[in-house]
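Have a look at the model below and keep it in view while you read.

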Amino acid sequence: MILANTAVAVAAPRERILLVHVVLRGEVDPDAGAEFFHLATDSGADVLELLSVQRGRPDPATFLGRGKVAELAGRVAALSVDLVLFDRVLSPVQERNLEGALHCRVVDRVGLILDIFARRARTHEGKLQVELAQLTRLRTRLIRGWTHLERQRGGIGLRGPGETQLETDRRLIGERILSLRGRLIKVAAHRATQRRARQRAPLPTVALVGYTNAGKSSLFNTLTKSSSYAADRLFATLDPAIRRLQIGGHEAILLADTVGFLRDLPTDLIAAFRATLEEVNQAQLLLHVVDSSAPDRDAQIAAVDTVLREIGAEGIPRLLVLNKVELTGEVPGNVYESSGKLAAVHVSAHSGVGIPELLQAVTQRVGRSMLRADLTLMPEEGALRARIHRLASVIDERFDEQGRTHLTFDIDGLNWRRLHTQMRDSGCQAMDAPPTIPADG
């Protein structure tokens, strides 16, 4: 009997990983490697063991020192480890020496974060940013792949092949980096055009910032009633999302969700995502979302403050939003300092408690009362129609058989006075329009 060939899908074997968490003398270890463990498990591998190592100072050759490396090599052999992850930034020399001693691949914290970002990037811009960061890092580590050629010195037919290959690879990577930067400049220009278009209507921007997995995207979805991707995982969101949010009888705001931050976030990654983080720099208010149930909450707040300083956003007003109160038992709502100043707002993005208080606090910081107006413009008043589209949020626009334009729009008081002055000075017939009334949202 002849059996037909059938294709069977076989899952790729998961890498067996050993984690090395290093604490140097004088350092504070806020979570005993828990965050590093979650980063590793998010990469989709089997974590066999987490080793914590105490060091006085880094060893220039291996970071750990000869004795610890020998001890680590024994564990690698006993557990049949495929990959060792270090919760530190390793130099190319340290990576190469460790791989030679452990007889397996070695990846540091930066390499792990870049791998996770590469898995999570969904948009064209996000993929370009991750590739740029990866290539910038790879350019300093090319020697690892060609050491067998570099050892060849002299001899007929053997002069310098390794150096030639390295130069070729560096040139190709350099050209690709220049190409990626050029494409990202175009993306940044497109984003700037969109930002200028949003700024024509005087809507303030409020950006959600915070540590990764603090619940920013969940809060974003709750506030805007949207369905942006949110999950209980690190770096679930890489690409910014912007939605219009109407707050009661006040003007709308633009709410932006951004990439989560992390302790020791790679410099190359911050540089690659600078265009994305421009949404933070252009905001009038930052909502610093914090996981109030995290044991290292204060360290996470400090890490976010550090990144905000690095991108030049430390001067933007901030409001602390303590999320996940359902896990802490805290009372939802406002928290005040002894002076009476608002210090923070306790909320739950999951259940929605504390959200009204948060919206009220945002309104007090950036909101202005809105007016709703109904105007009828004559065909020759096209310039006024264009001005209304720039200054207001048009709700409805209709054209009748006589060519007149009937507009319903929301506009804040300041811009309404400007518009009213223009209509009066030009003798506009729309001056006889009914009075404006508070917008009900």
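Asn 213 counts as partly exposed because its relative accessibility is 24%, where buried means under 20% relative accessible area, exposed over 50% and partly exposed in between, using a 1.4 Å probe and protein chains only. Look at its backbone too: phi of Asn 213 is near 70 degrees, a positive value in a residue other than glycine. Asn 213 lies in the loop between β5 and α8; helices (H or I, at least four residues) and strands (E, at least two) are DSSP runs, numbered from the N terminus.

Before going on, some ground rules. This is a predicted model, so local features need pLDDT of at least 70, side-chain atom pairs count only at pLDDT 80 or more, and totals for chains, interfaces and linings use all residues. Residues are numbered from 1 along each chain as its sequence is written, and side-chain values use heavy atoms, with hydrogens and water left out.

Now follow the chain into helix α8, which is where Ser 217 sits. UniProt, in an unreviewed entry, lists Ser 217 and Thr 237 under "binding site"; such positions are given in the numbering used here, feature names are shortened, and annotations may be inferred rather than shown by experiment. Ser 217 has a relative accessible area of 10%, so it counts as buried.

What about the sheet that β5 belongs to? It is an open sheet of 7 strands in the order β6-β7-β5-β8-β9-β11-β10, with mixed pairing; two strands pair if DSSP finds at least two bridges between them. β6 (241–246) and β10 (333–336) are at the edges with a single partner strand each, so one side of each has no neighbour in the sheet. From one strand to the next, the twist averages 30 degrees. Within this sheet, β5 (residues 205–210) and β8 (residues 285–291) pair in the parallel sense over 5 bridges, with Ala 207 opposite Leu 286 in β8. Helix α8 (residues 216–224) packs on the sheet and touches β5, β6, β7 (252–257), β8 and β9 (318–323), contact being heavy atoms within 4.5 Å. The direction of α8 makes about 155 degrees with that of β7; axes are lines fitted to C-alpha atoms, for helices over the stretch in contact, and angles run from 0 to 180 degrees between N-to-C directions.

There is also an open sheet of 4 strands, ordered β2-β1-β3-β4, with parallel pairing. Here β2 (46–55) and β4 (105–107) take the edges, each with a single partner strand, so one side of each goes without a neighbour in the sheet. The twist averages 20 degrees from one strand to the next. Strand β3 (residues 83–86) runs parallel to β4 and is joined to it by 3 bridges, and Leu 85 stands opposite Val 107 in β4. Helix α2 (residues 66–79) packs on this sheet, touching β1 (16–24), β2 and β3, and its direction makes about 170 degrees with that of β2.

His 103 has a positive phi of about 60 degrees although it is not a glycine, and with a relative accessible area of 71% it is exposed.

Zooming out, the protein has 14 helices and 15 strands. Of its 441 residues, 45% count as buried.
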